Amino acid sequence: MSRLSIPVERHRLDNGLRVVLSPDPTVPVVAVNLWYGVGSRNERAGKTGFAHLFEHMMFQGSTHVPKNKHFELVERAGGTLNATTWFDRTNYFETLPSHHLELALWLESDRMGWMLPAMDQEKLDNQRDVVKNEKRQRYDNQPYGDWDERLQSLVFPPDHPYHHTVIGAMADLEAATLDDVAAFFETYYRPNNAVLAIAGDFESGRALEAVDRYFGEIEAGAPVPRLPGNPDVAPLIGGTVRDDVVANVPLPRVIMAFRIPPYSSPDFATVEVARALLGQGKASRLYRRLVRERRVAKSVVAYAFPLLTGASMLLVWATGYPGASPRDLEKALAEEIEGLVEAAPEEVERAIALSEADLVSSLEHQSERADRLAMFELYFDDPDRINHDLERLEAVSIDQVRAFAAERLGPNNRAVVTYRPGEER
Amino acid sequence: MSPLDRSSPPASGAIRDFDFPDTERSRLENGIDLRVACVPRLPLVTLDLFMRGGEQALDAERAGLAVLAAEAIDGGTRRRSGADLSEELERLGARVSAYAGWEGTTVSLTCLADRLEEVFPFLAELVLEPDFPAGEVDRAREQRLASIRQRSMDPGALASDRALGRYFAPDVPYARPVGGTEASISSVDRRTLLGYADAAYRPGGRGGFVVAGDVEPKEVSELVLRHLGSWMGAPGGVSAFKAEPATRERRVTVVHRPGSVQSEIRVGHVGTDRATPDYFPLLVGNMLFGGTFTSRLNLNLRERHGFTYGVRSRFSYRSAAGPFEVSTAVANDVTAPAVREILAEMERLVDGGPTDEEVASTRDFAAGVFGLQIETVDQIATRLTHLVVFGLDDRYFNDYRDNVRGVTTAATAEAVARHMRPAEAQVVVVGDADEIARPLEALAIGPVEVVRGDGA
């Protein structure tokens, strides 16, 4: 089997900023990806959605970069950019023709070091409106748009950091102030709480020198405070918890989640393989049985959330045909998932083959390399995992998959949200 | 060490030459037009087999048939069941997909390069010997019907689909959604699909086979000859049509969706075709209007007014004129102001033209970002297929950046004035009519009609 070897160099600046470099001159493209160790899990009651609103504020300018200039400069350079907020982290990224690497470093360092002086109420009000419209567009005005809110509150107890969604509540967004922006920045947006990954066409020594020049003078902050709430959670949900919804949706849908070990657990590899057996490709169990043979599902999805805090969740969903009963669909879905206790070794071989091809394909993008390198450094202190990630999956035995299914995928560890088309009540 | 002077952005480094990969083109004995780009960056290969025809070759009664056939093609062959096919392909780590659009059907395959020889016969089998087993056809048809139903209840998809019928005259294929309607799909069975595939899945008639990745052209042409050598014929031609507009009068259509907390807005009209000599100036003109984050539309509607999470505009270039369309989603209470701003920005650009600065920075963006869009074998194959679909010059992508850089402000202004027509724009809004219809009427931009979302 072919093996990839992605270069990985680790450095740490005096202020604590961790730097991962992965030079590859094949294509004159460079990707910069900056991960901050803060996400929705750090939000306190009454402040949900703030980590994401703050991410928007990061594009509103800094001392030396006026509003809109960040986008203007990157686009003029022929680059692309964006940012995402998630449960455990927030990341900011640019992909550029490689001769513009320093532009990205200048922009990212300016907002890491000098963001606050550029903040004002008008910008906050503007981005609050933008985010409220994002919430409407992606959640409130979408069929099934509230599924994750319903599901997370079933899988994680009220005091757990994953009980609330990343997008947060409208009322909390309304209540956000400029003081919140300042406090959040000072607490979490410090070099010692961040990882900078650069992948693509550059020379390491010169890149590291430039990183130090732009980021080196930014002062370190205090260690970040411990998470609010209680991240400790029992390994199993302890029963089947459910939320049956009648809503203005086109088709019946059943969404099922299981509490699983966190991404940092060695057992997570078993989760990933089990996930692949259930839902990766058209030969997977759920597609073959529910979509193809029994024809009770129009489509199926299986996804293992790579979450760090106490526990994570394996998500499985099936969308049924018009007129079908969600209960019948749920029963069929549960049967196929429980059937994993009798999984065959050939299924694992198939999953590994697909995973290998998918991995190589994704690493064609320098942006994907930078993203993974930053994640592995921030989460595991191990960016070289990019070269060994497949080996973790290959080491999983069929017995581990069966044991995982028996232990975790039964009715004692199940959260269910069902949607039945009808008039909303 | 003295603090760094941060007051202005750093100078860029030395630019590196980077060309679109060279492509070896050959015509095989049975007429297959083969293009191979050797891209040995990673041990991967992507193949795209394009067969001309597609949805624009079908009359309204058969709308969606090409899309459904592509969705059902992996249901089984004369040699093996669909389940076995998926199993064997995935055990080789191969991804196969088929997709049909207005211009034709593309069957794609991606795998590790050292598996190509094992995987290739399956691709040939799919195209030469699809069997469309009845059970699998039933499944694909019910899935297609369910997807049509989902689109009808998704506000964004509903807005896009309804707008087509407002832009194009009823007999233009582009007036309907590409995936067909309940009426046109309901009666499709195995025989229909067998007949369709036999006629449409043919190598001639300006189809093409594109390969990009870690392969040698000779190795590829041998594989093609061995497994597709007996493949002959051409699909039936597409009768030429002109994409006439439904009307030249500006009208507003509100598709009533009770309880909507947001309005999905589409503003557009018939655009232009892929062969237009205005292609590059119009590319720049549309980008600065609504194609980038710093476009006029986005800076106005998002960054100035906070009306929306985002807004964009695009020309869909096809062999006949596709739509030009602005799309966004906004809160109910700013629906009319957002429509007003969109039309005002169209008028401002058409009447006043772009500035030199806008054109210069947009040229730089378009030329620079091109390098980011040919990073993967998949992206390269997709671009080569684009050459086949629209009959563009073999060197088109090698000359692409020069053509972008050659666009002038005057040419952009002319192209925009020719192809954007705010006075003829059709406005379609999916939202709660009780809240948005009256303010839209008060704009006095054209007659307002309220229709129900369920088609009545």
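The model is predicted: local features require pLDDT of at least 70 and side-chain atom pairs pLDDT 80 or more, while totals for chains, interfaces and linings use all residues. Residues are numbered from 1 along each chain as its sequence is written, and chains are lettered from A in the order in which they are written.

Chain A contains 15 helices and 11 strands, where helices (H or I, at least four residues) and strands (E, at least two) are DSSP runs numbered from the N terminus. Its radius of gyration, taken over C-alpha atoms, is 23 Å, close to the 22 Å given for 425 residues by the globule rule (2.2 Å times the number of residues to the power 0.38), so chain A is as compact as a globular protein of that length. Of the 425 residues, 55% count as buried, that is, with 20 or more other C-beta atoms, placed from the backbone, within 10 Å of their own.

Strand β8 (residues 253–260) of chain A has eight of its eight residues buried. On one side lie A:R253, A:I255, A:A257 and A:R259, and on the other A:V254, A:M256, A:F258 and A:I260. β8(A) pairs (at least two DSSP bridges) with β10(A) in the antiparallel sense over eight bridges, A:A257 having A:L315 as its bridge partner. Six bridges join β8(A) to β11(A), also antiparallel; here A:I255 is partnered by A:V417.

Between the chains, 59 residues of chain A are in contact (C-beta atoms, placed from the backbone, within 7 Å) with 63 residues of chain B. Elements of chain A that each supply at least two residues to this side include β5 (90–97) and α12 (345–362).

Conventions: Contact = placed C-beta atoms within 7 Å. Buried ≥ 20, exposed ≤ 12 C-beta atoms within 10 Å, placed from the backbone.
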